[in-house]
Structures are given as structure tokens and as C-alpha cells.
Amino acid sequence: MVRSLDVQQVLLQSSAVERVQQVQQQQADVQQNHFEAQLAEEKRELREKVKDLEESERLMIREEEERGKREKNTEENSAKKKKDGPADDDEPMGKVDIKV
């Protein structure tokens, strides 16, 4: 049988036990919320990295296109100069008229 002193002790400790149980339940919720916040932060950082990568890729592609245009213009200019030849070229090349 349970003595009356034991019942009094159980009643006094029941409120403390109830508080401990509430704290344990809240701790699980707090841990879950903290973990969720960490995941959200990691996702945000990954999205920013992807945006940075996409932007850097676009810049690299643009630079390559501009470099290609410059090289093409340089090649066209050099080909045009070779085709036109020197501007003061009135006499045919390879023939020299010498009179003695």
C-alpha cells in the first residue's frame, strides 16, 4: 500500500515532472525550427551561387563573342590590305624598264 507521505511527495513532484515534459516537447520543436532555418539558409546560399555562376558564364560567353568579332575584323582588314596591295602601285610588278 501507498503511504500518505508517498502520495504527498508524488503530488509535489508531479508539477515539476510536467514542466520537464513540456520543456522536452518544446526542445524538439525548437530543434526542428532551428534545423529548418539552417536548411533555408543553405538553399538561399546555393541559389546565389547558381546565379553567380550563370552570370559569370554569360560574361565569359560575351567576352568570347567580342574576341571572335575583333579577330574576324582584324582578319578582314588584313585580307583587304593584301587584296588591294600598295596604293602607289601604278606600274605592273616584275617588269623594270631600263635604258642605257
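Predicted model: local features only at pLDDT ≥ 70, side-chain atom pairs only at ≥ 80, totals over all residues.
Local features require pLDDT of at least 70 and side-chain atom pairs count only at pLDDT 80 or more, while totals for chains, interfaces and linings use all residues. Residues are numbered from 1 along each chain as its sequence is written, and side-chain values use heavy atoms, with hydrogens and water left out.

**Whole chain.** Select everything and colour by secondary structure. The protein has one helix and zero strands; helices (H or I, at least four residues) and strands (E, at least two) are DSSP runs, numbered from the N terminus. Next, colour by relative accessible area. Of the 100 residues, 0% count as buried, where buried means under 20% relative accessible area, exposed over 50%, and partly exposed in between (1.4 Å probe, protein chains only). The accessible surface of the protein comes to about 10,500 Å², and 52% of that belongs to carbon and sulfur atoms. Areas come from the Shrake-Rupley method with a 1.4 Å probe; for residues, only the protein chains shown count as cover.

**Residues 41, 44 and 48.** Glu41, Arg44 and Glu48 are linked in a network of salt bridges, a salt bridge being a side-chain nitrogen of Lys or Arg within 4 Å of a carboxyl oxygen of Asp or Glu. The structure holds two salt bridges. One joins glutamate 41 to arginine 44 at 2.4 Å, N to O; both residues lie in helix H1, three residues apart, about one turn of the helix. The other joins arginine 44 to glutamate 48 at 2.6 Å, N to O. Arginine 44 and glutamate 48 are separated by about one helical turn because they are four residues apart in helix H1. Relative accessible area is 33% for glutamate 41, 36% for arginine 44 and 39% for glutamate 48. Each of these values counts as partly exposed.

Glu63, Glu64, Glu65 and Glu66 gather in a surface patch of negative charge. Patches are made of residues with over 30% relative accessible area and no salt bridge; like charges are joined within 9 Å, nonpolar side chains (Val, Leu, Ile, Met, Phe, Trp, Tyr) within 5 Å. Lys and Arg count as positive, Asp and Glu as negative; His and the chain ends are not counted. Each charge is placed at NZ of Lys, CZ of Arg, CG of Asp or CD of Glu. Centre on glutamate 64, which lies in helix H1 and is partly exposed at 49% relative accessible area.

**Residues 96, 98 and 100.** Finish here. Val96, Ile98 and Val100 make a nonpolar surface patch of about 430 Å². Valine 100 lies in the segment after helix H1 (4-84).
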